[in-house]
Amino acid sequence: MNSVSPREQRLIERAFEAFAPRKRPTKRFLASFGPAQAAALADLAPRDLVGPRAPRTARAGGSYSLVDEDLLYFTTTDGCLYYMPAVIARCIEDHEAADLLVDSLEDWFRCYPFYLFTGSAADWPRMIEECYQINSVRFWLMVGKRWRDRLAMMRQMTVAERDVLVAFYSYLEDTYDYGVQSERTRRSAKALLAGRGLLDVLLLRSNDECIELVEVIRALETDFPHGFPAHETAPIRNALLDLAAGKRSPQKTLGW
């Protein structure tokens with residue numbers, strides 16, 4: 001486990017304070033969650049799960065932290081928010097050992113779709129054909145179940161909870177440089193959690209970029225109708241058109 005700096009310790013404490021009002025949910029785990037891990041977590045509070053004396057569990061021939069990416073993917077929304085301060089704390093305390101958890105939390109609310117890509121969004125339909133990144137683009141453009149699940153989670157979060165996640169992403173920005181995809185992912189997540197407008201969340205800088213993205217969405221609707229059905233893409237497409245025409249405030253959100 002890494003030694004923790006004063007800044008890191010303050011962020012950990014802030015995370016536990018922000019989420020402290022949350023009571024242990026009646027239903028924390030999905031049916032697919034490992035029964036042994038669920039049993040090990042049964043009587044432990046989030047604070048008990050991190051730090052040098054945190055209990056560990058034996059799985060697949062090794063000893064592992066009870067705080068891993070399963071707490072994001074195989075818990076209910078209430079369960080995920082209940083354990084979130086422990087997830088944040090472990091990402092800070094044991095960044096190298098918890099690298100998969102760090103990656104998962106970094107991409108939890110937003111994820112720029114193409115690794116190391118710095119070109120125009122106009123290339124996305126072609127790149128989907130080449131790399132089959134359709135699910136990543138769907139999530140970025142706020143389409144599909146994954147996006148709806150994250151939006152529902154954010155609507156349950158308090159301002160303090162959102163703010164501490166913004167601080168966590170800022171900490172990652174200051175501490176770990178993973179390249180353009182992570183930089184764009186973090187900036188977008190921070191804008192989203194801070195309740196900023198659509199332009200900031202999509203990292204758009206001009207009316208021309210709004211129109212370009214509208215054309216990309218139309219191409220995706222034509223080329224991948226099952227992935228980008230028009231009735232699902234219409235809200236963001238129409239919002240971008242209104243922004244470009246000056247009919248919508250740049251600060252207005254799409255429900256977050």
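These legends describe close-up views of one predicted model. Residues are numbered from 1 along each chain as its sequence is written. Because the model is predicted, local features need pLDDT of at least 70, side-chain atom pairs count only at pLDDT 80 or more, and totals for chains, interfaces and linings use all residues; side-chain values use heavy atoms, without hydrogens and water.

**View 1. Tyrosine 112 and tryptophan 124 form an edge-to-face pair.** The whole structure holds 12 aromatic pairs. Rings of Phe, Tyr and Trp (its six-membered ring) pair if their centres lie within 6.5 Å; planes under 30 degrees apart are stacked, over 60 edge-to-face, and the rest tilted. Here the ring centres of tyrosine 112 and tryptophan 124 are 6.3 Å apart and the planes meet at 70°, so the pair is edge-to-face. Buried means under 20% relative accessible area, exposed over 50%, and partly exposed in between (1.4 Å probe, protein chains only).

**View 2. Phenylalanine 168 and tyrosine 171 make a tilted pair.** Their centres are 6.4 Å apart, with 35° between the planes. Both residues belong to helix α9 (residues 159-175), 3 residues apart, and are separated by about one helical turn. Phenylalanine 168 is buried at 0% relative accessible area, and tyrosine 171 is buried at 2%. One aromatic cluster takes in Phe168, Tyr169, Tyr171, Tyr176 and Tyr178.

**View 3. The largest pocket has a volume of about 400 Å³.** On a 1 Å grid over the protein atoms alone, a pocket is an open set of points where a 1.4 Å probe fits, with protein on both sides within 12 Å along at least five of seven lines; lining residues have an atom within 4 Å of a point. Grid points are joined across faces, edges and corners, and the volume is the space filled by probe spheres set on them. The lining has 18 residues, and Arg184, Leu203, Leu204, Arg205 and Glu209 lie nearest the centre. At least two residues each come from α10 (180-193), α11 (198-201) and α12 (207-223). Helix α12 gives the most, with 3. The lining divides into 9 nonpolar, 3 polar and 6 charged residues. Ala, Val, Leu, Ile, Met, Phe, Trp, Tyr, Cys and Pro count as nonpolar, Asp, Glu, Lys and Arg as charged, and the others, Gly among them, as polar. Leucine 203 has a positive phi of about 60° although it is not a glycine. Its place is the loop between α11 and α12.

**View 4. The second largest pocket holds about 250 Å³ of space.** It is lined by 13 residues, with Leu72, Thr75, Trp108, Asp149 and Arg150 nearest the centre. Two or more residues each come from α3 (70-73), α4 (77-93) and α8 (145-156). Helix α8 gives the most, with 5.

**View 5. Glutamate 161 and arginine 22 form a salt bridge.** A search of the whole structure finds 14 such bridges, each a side-chain nitrogen of Lys or Arg within 4 Å of a carboxyl oxygen of Asp or Glu. In this one, the closest N and O atoms are 2.6 Å apart. Glutamate 161 lies in helix α9 and arginine 22 in the loop between α1 (6-19) and α2 (35-41), so the pair ties together parts 139 residues apart in sequence. Both glutamate 161 and arginine 22 are buried.

**View 6. Glutamate 209 and arginine 205 meet in a salt bridge.** The N to O distance is 2.6 Å. Glutamate 209 is buried at 17% relative accessible area, whereas arginine 205 is exposed at 74%.

Conventions:
Helices (H or I, at least four residues) and strands (E, at least two) are DSSP runs, numbered from the N terminus.
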